[in-house]
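Visitor: I would like to learn how to read salt bridges and helix packing in a model like this one. Could you take me through it slowly?

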Amino acid sequence: MAPPLEDLTHLLAELAARLSRPPGGGAASASTSAGDALSASVASVAAALNPDSGRGGPASGTRVLDAALSLMCFDPIEVGRARVDFLVRTIVSALSASVSFRVVRPDGGAGDEMLCAGSSISPGDCGELVRTCAALVEKLGDCDAGRLSYDLSCAVVKTAVLSPRYQCLFPLPYYKEVEEQVYNINMGTIARELTNHPSYQVLPSDHSIPLRMLLWHLDPSIVKHDLSEMLKEAIKRPLLCLRKELHGRMEWRAIVICLVCSPSMFMEMRSLFHFWFLATGLGSVLELHNAVVSSVLNILVNPMSWGISMEFGQKFPFSHAYFPSQQSDLLPILTGPLSCKSFLDLVSYIKALIHLDKTRAGCSLQKNLQLQPSKGLIKHNSAWSMVINFPVWFTFATALLFHREGSQDYLSESLSKEIVAESITDASLAQRAAFYLSWVLCPSNDDQSEMLANNILELSHSWARGNKKRPIYHTNTVNHRRKLRIPTSGNTEKLHVPTNPVSSLIKDFDDHCAKFCTITACPQAQVEELSDFRPLCHNLLHLWIPLGVLLVSPSLVNEQSCDMLLRYASTGQVLESNEVQMKTKEHVSNNGFPASCRRIAERWALSGAYLIFGWFDIIEDMSSVIFDCEDTCCRFVSQLRTKMSPYLVKCVKLLLEALDESDHDRDFVIDLHDRVLNWNKNGQCCEAFEDVILHMNKKN
């Protein structure tokens, strides 16, 4: 039996009024009349909760109890707290009793059945109930460590969420009609008031539905606000390790756990980030999106590492419930093992999807398709939107593109073993890698995607043809001393070895490939409009492709060539060998710069640090699943860290000089310090990092 709404709202209002008055204050007559009214409301609610109980006089019983407590010398404040506690719990029980379930047959016959859960309070009355609750929560404050506020808020918001919008689905004794627009505006205003209370940040310990998630359903604009606040922080702090922050910061962890509790809100999150990324082209949006998706999947696999009990974690849905049902076959590939065979399966899936999309479109709009490309591949529920959430596959494709047979480098040797075991050809892998990269960069224009794939593939063939003509720089992972095997002068003239093959690779890529990568790259006009943002925030995913050379053939890349690769990947600038030397000397010198030059140097350094830290996070994820031997994985990661350390040192030193000359926010200094400390701790790096860390410790 559901309690009367008038008694519930009166009970909430009277309790709020009592909390506003000091203990023992007020006129005796007013207190007596208010007590009688409150007792009557309590009696009505109690009768609804306990229909078989006796019909004794609750008012007289309450007065006798008050007198007995007074004679026993109980503290009036403690009595008041106990009374508030029991009244709040009575209200919570009454609201829980208002929820019921019923089975509905949509066709009215013996066909399919639908289970409906609903509250006995109509939407028109929920606004008054939630408004009264918000006032009472404000009065309760930190009473009982905020537990009363949390329980009451959850009960009231859950009642409002379950309030039936259509009387035909859940008939009520009476139904108060209200306009949908007015209801949404009023309820949204009240819900946002509840988000300001500390209980909004609390996660339940009893495995119940979090208040934050209930408020998301009550007013979807709240989840948009929460995610936008996270995005602002990510843009403001470009060197922040997002996955670490999502786990360590309690507010962000609460948001991630709420997304796990509600697959529908997780899909809403993906839709918002997808729209923001396409609208702005900001790489920070994609990075945060990927970090949240990775964290949610990690919770599903290992909930206890996030402070969630195994019992509660077992109640979460399977991972396929969080992604579009039409892409159910794609998710196991993306979350499965990272191997050449899996990559071929991924490409085959994408090609089949493209063929199916063309077939469907050709049957209905053949003429229109000839005039403009289909935009279906970049919808929020498309395969493309899922693929870009797993950047490890993009990085793996860049490695496959430049893989060469017979290489003794760690990753190339591992790939060669699988290629032989699975009877796969290098040419087939390179061709599919070029297709995959072009599809990710140009998902909605088949012609551009095909031209880009051909140009990327030609670049791969050109690199493979010149592999035997190039000097190899062997790096010892113990002492990191380079041993250069240099061809004789006669062989050099005979083979026409270029002075710097990496420079030629970068120039060819920039001339023939970069111009097609405009879908996910931020347009130049938009870059100017967003000049207030840091330049590194703009998505430059296509510039990562030449970095595949560093993954599979680090022995062919000396320090100067590595600097050129990292400079191009972070800024898009194509530099010759002599320009790298000249600009490096300028940037690390202590001579005075004009203000504009210092600003350019700072932007260059920030872009470089952002690229190295972000890209290396992906490399560590990739290497942990590719290599069977942990020792080989560590040596591969250490080799790459050693290759990139000289360039990173230059970037960090420039950033420190900029920090000395201007006032930067403390968060940026902390993020840079944490990144450098973690970089130096996890590998054998150059001694220059020790001096940098000492200098940064003085700043902190």
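Predicted model: local features only at pLDDT ≥ 70, side-chain atom pairs only at ≥ 80, totals over all residues.

Visitor: With which residue does Arg-243 meet in a salt bridge?

Guide: In general, side chains of opposite charge can pair when their charged atoms come close. The term salt bridge is used for a side-chain nitrogen of Lys or Arg within 4 Å of a carboxyl oxygen of Asp or Glu. Here the partner of Arg-243 is Asp-621, at 2.7 Å from N to O. Because Arg-243 lies in helix α10 (residues 242–248) and Asp-621 in helix α29 (residues 595–626), the pair ties together parts that are 378 residues apart in sequence; helices here are DSSP runs of H or I with at least four residues, numbered from the N terminus. Asp-621 is partly exposed too, at 32% relative accessible area.

Visitor: How many salt bridges does the count come to by this rule?

Guide: The count comes to 15. Another of them joins Lys-341 to Asp-345, whose closest N and O atoms are 3.8 Å apart, and both residues lie in helix α16 (residues 340–364), four residues apart, which is about one turn of the helix.

Visitor: And how do I read two packed helices?

Guide: Two packed helices are described by the angle between their axes and the distance between the axes. Axes are lines fitted to C-alpha atoms, for helices over the stretch in contact, and angles run from 0 to 180 degrees between N-to-C directions. In this model the axes of α6 (residues 147–161) and α8 (residues 211–218) come within 9 Å and cross at roughly 30°, so α6 and α8 are roughly parallel to each other, a label given to angles under 35 degrees.

Visitor: Which residues of α6 and α8 meet?

Guide: Contact means heavy atoms within 4.5 Å, and the residues that meet include Tyr-150 and Val-157 in α6 and Leu-211 and Leu-218 in α8. The residues of this contact divide into nine nonpolar, two polar and one charged, where Ala, Val, Leu, Ile, Met, Phe, Trp, Tyr, Cys and Pro count as nonpolar, Asp, Glu, Lys and Arg as charged, and the others, Gly among them, as polar.

Key: Residues numbered from 1 in each chain as written. Heavy atoms only, no water. Helix = DSSP H or I, 4+ residues; strand = E, 2+ residues; numbered from the N terminus. Parallel < 35°, antiparallel > 145°, perpendicular 65-115°, else oblique. Buried < 20%, exposed > 50% of the residue type's maximum accessible area, 1.4 Å probe, protein only.
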